[in-house]
Amino acid sequence: MYDFKIAAADTGTMYRDLASALQGLVSGETDGIANMANAAALIWETLPDLNWAGFYRNTGGELVLGPFQGRPACIRIKFGEGVCGVAAQTRQVQRVEDVNAFPGHIACDSASASELVVPIARDGELVAVLDLDTPHVGRFTQEDEAGCVRLADILAKAI
Ligand code: SME
């Protein structure tokens, strides 16, 4: 078992350590599901105040639930629907302060209050989205977004 304990004094350092731990975890492994599973566990263990962390995979133009940590979640999401579907369709990061103010938000867990979804693309194709949920409104900052984009860049080559 890997024992990563990332407890950095500031968010930037934490994401730098998280990125290097993720790079170490996925290097040498070509199985995308295994790499998503370890990534979800690493993110869940490291980032404070999450109630869900995981992936939806692009399977033929529909998002299907992938490896995650947290409560059981919605299995299939159409492109354009909910926060994940909008991220998949637009290929733009969705950082939602308050999910209740997001038209079409899919409430898998009523405890979720804000959400960060990062598209993961390779060779021009959307492969998956990384989805993080939290029970705190406004939990995700610009720094979280930048840190998670970095994680998505690492994962693009590993899933
Ligand atoms: N809330 C998401 C659905 C996925 S769950 O949060 C795990 C959405 O609106 O896309």
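1. A crossing is called left-handed if the near helix is turned anticlockwise from the far one by less than a right angle, and right-handed if clockwise. This is a predicted model, in which local features need pLDDT of at least 70 and side-chain atom pairs count only at pLDDT 80 or more, while totals for chains, interfaces and linings use all residues. Residues are numbered from 1 along each chain as its sequence is written, and side-chain values use heavy atoms, with hydrogens and water left out.

2. Overall content. The protein chain contains four helices and six strands, these being DSSP runs numbered from the N terminus (helices H or I, at least four residues; strands E, at least two). Along the sequence they follow one another in the pattern α-α-β-β-β-α-β-β-β-α. The C-alpha trace of the protein chain spans about 40 × 35 × 25 Å along its principal axes. A compact globule of 159 residues would have a radius of gyration near 15 Å, and the 14 Å of the protein chain agrees with that; the radius is taken over C-alpha atoms, and the globule rule is 2.2 Å times the number of residues to the power 0.38.

3. Helices H1 and H2. H1 and H2 pack at an angle of about 155°, with their axes 10 Å apart, where axes are lines fitted to C-alpha atoms (for helices over the stretch in contact) and angles run from 0 to 180 degrees between N-to-C directions. The two helices are therefore roughly antiparallel to each other (over 145 degrees; under 35 is roughly parallel, 65 to 115 roughly perpendicular and the rest oblique). H1 passes H2 in a right-handed crossing. On the H1 side Met 14, Leu 18, Ala 21, Leu 22, Leu 25 and Val 26 meet Asn 35, Asn 38, Ala 39, Leu 42 and Thr 46 of H2, contact meaning heavy atoms within 4.5 Å. By class, this contact has eight nonpolar, three polar and no charged residues; Ala, Val, Leu, Ile, Met, Phe, Trp, Tyr, Cys and Pro count as nonpolar, Asp, Glu, Lys and Arg as charged, and the others, Gly among them, as polar.

4. Helices H1 and H4. Helix H1 (residues 11-26) also packs with helix H4 (residues 142-156), at an angle of about 10° and with the axes 10 Å apart, which makes H1 roughly parallel to H4. The crossing of H1 and H4 is right-handed. Among the contacting residues are Tyr 15, Arg 16, Leu 18 and Leu 22 of H1, together with Glu 143, Asp 144, Arg 150 and Leu 151 of H4. The contact of H1 with H4 has nine nonpolar, four polar and four charged residues.

5. The sheet. Six strands form an open sheet in the order E3-E2-E1-E6-E5-E4, with antiparallel pairing; two strands pair if DSSP finds at least two bridges between them. Strand E3 (76-78) and strand E4 (94-96) stand at the edges with a single partner strand each, so one side of each is left without a neighbour in the sheet. From one strand to the next the twist averages 25°.

6. E1 and E2 pair in the antiparallel sense over six bridges, and Ala 53 has Gln 69 in E2 as its bridge partner. The hairpin of E1 and E2 has three residues between the strands, and Gly 60 in the turn has a positive phi of about 65°. A second hairpin joins E2 to E3 through five residues. Strand E2 (residues 62-70) pairs with E3 in the antiparallel sense over three bridges; here Val 64 has Arg 76 as its bridge partner, and Leu 63 stands opposite Ile 77.

7. Helices on the sheet. Helix H2 (residues 32-46) lies across strand E1 (52-58), E2 and strand E6 (125-134), running at about 155° to E1. Helix H3 (residues 82-90) packs on the sheet as well, touching E1, E2, E3, E4, strand E5 (114-122) and E6, and its direction makes about 30° with that of E5.
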